[in-house]
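Hi,

Here's the structure I promised to pass on to you. Have a look at it first, then read my notes below.

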Amino acid sequence: MKQIDEITEQETAALLILRRTGMNVVDVAMIARDALLWARGRGNKLQRVQQCLIAGNRVLQEEEKSVSLKTAIRAALEARQHLRPRTLRDFRYLLNRLLKYNPGAERRIVSSLTPQQCGAMIELAFVTPRQRYKARLILSSVFRTAMHCGWCRTNPLKYFQAPRLKEQTIPILTPHEIRALIKHARDYRNGVCLPALGLMLYAGIRPAEVLRMRWGQIHLSDRVIVLRPQHSKTGGSRCVCIHAPLLQILRESPSHLPEEKICPGNWRLHWAEVRRKAGWQVPEHPWIQDILRHTYASYHLCYFRNVESLQIEMGHRSSDLLRTRYLNMSGVRDAEAFWRALPE
């Protein structure tokens, strides 16, 4: 039996190799032992150790090239300076909250963050499913910027399942409410708010989009409204048909220069007053954001029966949002009359 102090030629050669590294031989031996333990699994153990070393070296090189999460966030904000101020405010708010509730996260290297770690950060900083959904989208855009800059190879949010949103059906205007709103908009200050109301109700244009629109975008002869990228919420252009009730409203309006805005000055005050006169803005009858757009979508689908056309006119990238949140068919009353003419 070989004595413990007997060393073979192979072991002697190994010691010489280890000495040449300039490291303590015992330390190197312990590292080799750990590598062999970690490499347990299928296949040749020595090959697995080599694979682990190669993979580990690649990770280290990526981390050395990578940057902190704070730097990646700064780069993502700089790349999005073309967005509207309100969008940038939301972007900054959500990311600042994410860092506030995750101390030390700003110093984490983006290439080392895992889907589980990103998910844990989002859940710690945000409470509601909608907040977490938005935070995931924005953090994912930060990683897309990091990938573009070569700071990480993958987007960990791609592998983190988005929280499921339970969309509540938003009510739509009743025929009585539509009549009241149009009547008071027509009576208020010679109908100064009526064109904007018509665009929201009969063309489904978002309130913020209407606020940015100008009369030159309305083409009565072609019966079409052109929303430019700088006016739309999503940054894309789209065309919306002018149907009979909206055509009547727009023809009633005085002539305007193409560069004049559709909404009058102090629009929000005027619009709030029209709604108040029509019976809203009281505790038992609150105004619901985007109720006009939801009314448009429900009446459009009920009458025209074309989801794809509605999706294009509303400026959605897919029909998913329409199907889950926008369509309230139970509230539609006489869709044909809605599109035929203005209510008496």
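Predicted model: local features only at pLDDT ≥ 70, side-chain atom pairs only at ≥ 80, totals over all residues.

The chain has 16 helices and three strands. Of its 344 residues, 38% are buried. If you take the contacts with a separation of 6 or more, 64% of them link residues 24 or more positions apart. The chain exposes about 21100 Å², and 53% of that comes from carbon and sulfur atoms.

Now pick out helix H5, residues 85-100. How far apart should the ends of H5 be? The helix has 16 residues, so at 1.5 Å a residue it should span 22 Å. Its end C-alpha atoms are 22 Å apart, which agrees.

Which residues of H5 are buried? They are Leu 88, Phe 91, Leu 94, Leu 95, Arg 97, Leu 98 and Leu 99. When you look at that list, remember that an α-helix has 3.6 residues a turn, so residues three or four places apart point the same way. Among the elements covering the buried residues of H5 are helix H4 (69-78), helix H6 (115-125) and helix H7 (129-148).

Then there's the sheet. Three strands make an open, antiparallel sheet in the order E1-E2-E3. Strand E1 (218-219) and strand E3 (238-241) are at the edges, each pairing on one side only. E1 is joined to strand E2 (residues 224-227) by two bridges, and His 219 sits opposite Val 224 in E2. In general, strands of a sheet pair through backbone hydrogen bonds.

Definitions and conventions
Residues numbered from 1 in each chain as written. Heavy atoms only, no water. Pairing = 2+ DSSP bridges. Helix = DSSP H or I, 4+ residues; strand = E, 2+ residues; numbered from the N terminus. Buried < 20%, exposed > 50% of the residue type's maximum accessible area, 1.4 Å probe, protein only. Contact = heavy atoms within 4.5 Å. Areas by Shrake-Rupley, 256 points an atom, 1.4 Å probe, with all protein chains shown as cover. Expected span 1.5 Å × (residues − 1).
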